[in-house]
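Subject: Handover of a structure and the findings

Dear colleague,

Please find below the structure that I was asked to pass on to you.

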Amino acid sequence: MDEPMEAEADSTQPDLAPEEESPKKQHPLLRPGSMVMMTITNEDYQTQYWPKLEGAIDQLLTMTPGQYIPISYEQMYSCVYKCVCKQFSEKLYADLMSHMIQHLEKLNEQLKTLVSKQIKINEQVKTLMQVEEPKSFIEKFSFLLNQYLQALGGIVPIFNYMNRFYVETKLKTDLNEELRKLFRHHILDQHIDIILSLLEDANSTPFLIPPQTMASTVKNVYSINPEYAKVKPTLFAKYLPSVLPQTNVHDLDTYIAETKQMQEDMKMMEGFSNRYIIRHYSAKRPN
């Protein structure tokens, strides 16, 4: 399917007769009327349309998870709609992807600042990546990943018309999937070994990282690329039961040992006592 014809864009908006048009010049993003009579030049795109979209994208990419930003989604969608109808789909897609890559490169630099490098080892030049503060690194990465995925929840709908008539039709892919691939390539693939090792270490130390942060981080990493679960299947299985094969009777001894180890770990925690548990179950024991 080709990009929508200009006449199609006019199907939901009535034409204005010449005598009914207001002599007052309106902003091209807001003016009503027929799309057939409307033109968009390269200069219009560069100075009016893309800057509007770029500003909205930046707001979505930098907002704190859970925060609300007053963006006119209707105006942004209309902006994309007009660009697609006027044959700017390819340019729009290229600018969007380029802008997202620039943002991800900045995020990558932020993570690199938390990683130290040791270059000379045994008189040989090598590069080892070490994290001086694992807790800070995991929390920072978790925040950036959550922030990015939340931003996609606003960016993808804004560019939905481009996705339908260009990305899906001509590129045979999906915008949301392509934007997730960018995060994988520019962030996750660069740090995945460190991330999974730190998550595994944190998982073996109860409450080093808040359970909610651990769960959301593992699940979000899996949503970006399920193949990562093959590297640390036990880690992912704690938060995504479907990762491992179905339970087998021959594995019961392993599960029992894991449960006992978890109980021992909890007993070592400061302030923990099993007296409450004993009293709790004793109170429920039938006479």
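Helix 2 and helix 5 (residues 134–158) pack at an angle of about 150°, and their axes are 7 Å apart. The model is predicted: local features need pLDDT of at least 70, side-chain atom pairs count only at pLDDT 80 or more, and totals for chains, interfaces and linings use all residues. Residues are numbered from 1 along each chain as its sequence is written, and side-chain values use heavy atoms, with hydrogens and water left out.

Helices (H or I, at least four residues) and strands (E, at least two) are DSSP runs, numbered from the N terminus. Axes are lines fitted to C-alpha atoms, for helices over the stretch in contact, and angles run from 0 to 180 degrees between N-to-C directions. Angles under 35 degrees count as roughly parallel, over 145 as roughly antiparallel, 65 to 115 as roughly perpendicular and the rest as oblique. Helix 2 and helix 5 are therefore roughly antiparallel to each other.

Where they meet, helix 2 contributes Leu53, Ile57, Leu60, Leu61 and Thr62, and helix 5 contributes Gln147, Tyr148, Ala151, Gly154, Ile155 and Ile158. Contact here means heavy atoms within 4.5 Å. By class, this contact has 8 nonpolar, 3 polar and no charged residues. Ala, Val, Leu, Ile, Met, Phe, Trp, Tyr, Cys and Pro count as nonpolar, Asp, Glu, Lys and Arg as charged, and the others, Gly among them, as polar.

Helix 2 also packs against helix 3, at an angle of about 135° and with the axes 10 Å apart. Helix 2 and helix 3 are therefore oblique to each other, and their crossing is left-handed. On the helix 2 side, the residues are Tyr45, Tyr49, Lys52, Leu53, Ala56 and Leu60, which meet Tyr73, Gln75, Met76, Cys79, Val80, Lys82 and Cys83 in helix 3. The residues of this contact divide into 10 nonpolar, 1 polar and 2 charged.

I turn next to the aromatic rings. Rings of Phe, Tyr and Trp (its six-membered ring) pair if their centres lie within 6.5 Å; planes under 30 degrees apart count as stacked, over 60 as edge-to-face and the rest as tilted. By this rule there are 7 aromatic pairs. One of them joins Tyr45 and Phe88, which are stacked at 5.2 Å centre to centre, with 10° between the planes. This pair links distant parts of the chain, 43 residues apart: Tyr45 lies in helix 2 (residues 42–62), and Phe88 in the loop between helix 3 (73–85) and helix 4 (89–112). Tyr45 is buried, with a relative accessibility of 1%, and Phe88 is buried at 9%. Buried means under 20% relative accessible area, exposed over 50%, and partly exposed in between (1.4 Å probe, protein chains only).

Tyr161 and Phe165 make a tilted pair, because their ring centres are 4.7 Å apart and their planes stand at 45°. Being 4 residues apart in helix 6 (residues 160–167), Tyr161 and Phe165 are separated by about one helical turn.

Leaving aside residues up to four places away in sequence, Asn163 touches Glu168, Thr173, Asp174 and Leu175.

Two loop residues deserve a look at the backbone. Gln87 sits in the loop between helix 3 and helix 4 and is exposed, at 52% relative accessibility. Lys172, likewise not a glycine, has a positive phi of about 60°. Lys172 is placed in the loop between helix 6 and helix 7 (175–204) and counts as exposed at 66%.

For the chain as a whole, the secondary structure comes to 11 helices and 2 strands. Buried residues make up 37% of the 287 residues.

Yours sincerely

Note on methods
Left-handed = near helix turned anticlockwise from the far one by under 90°.
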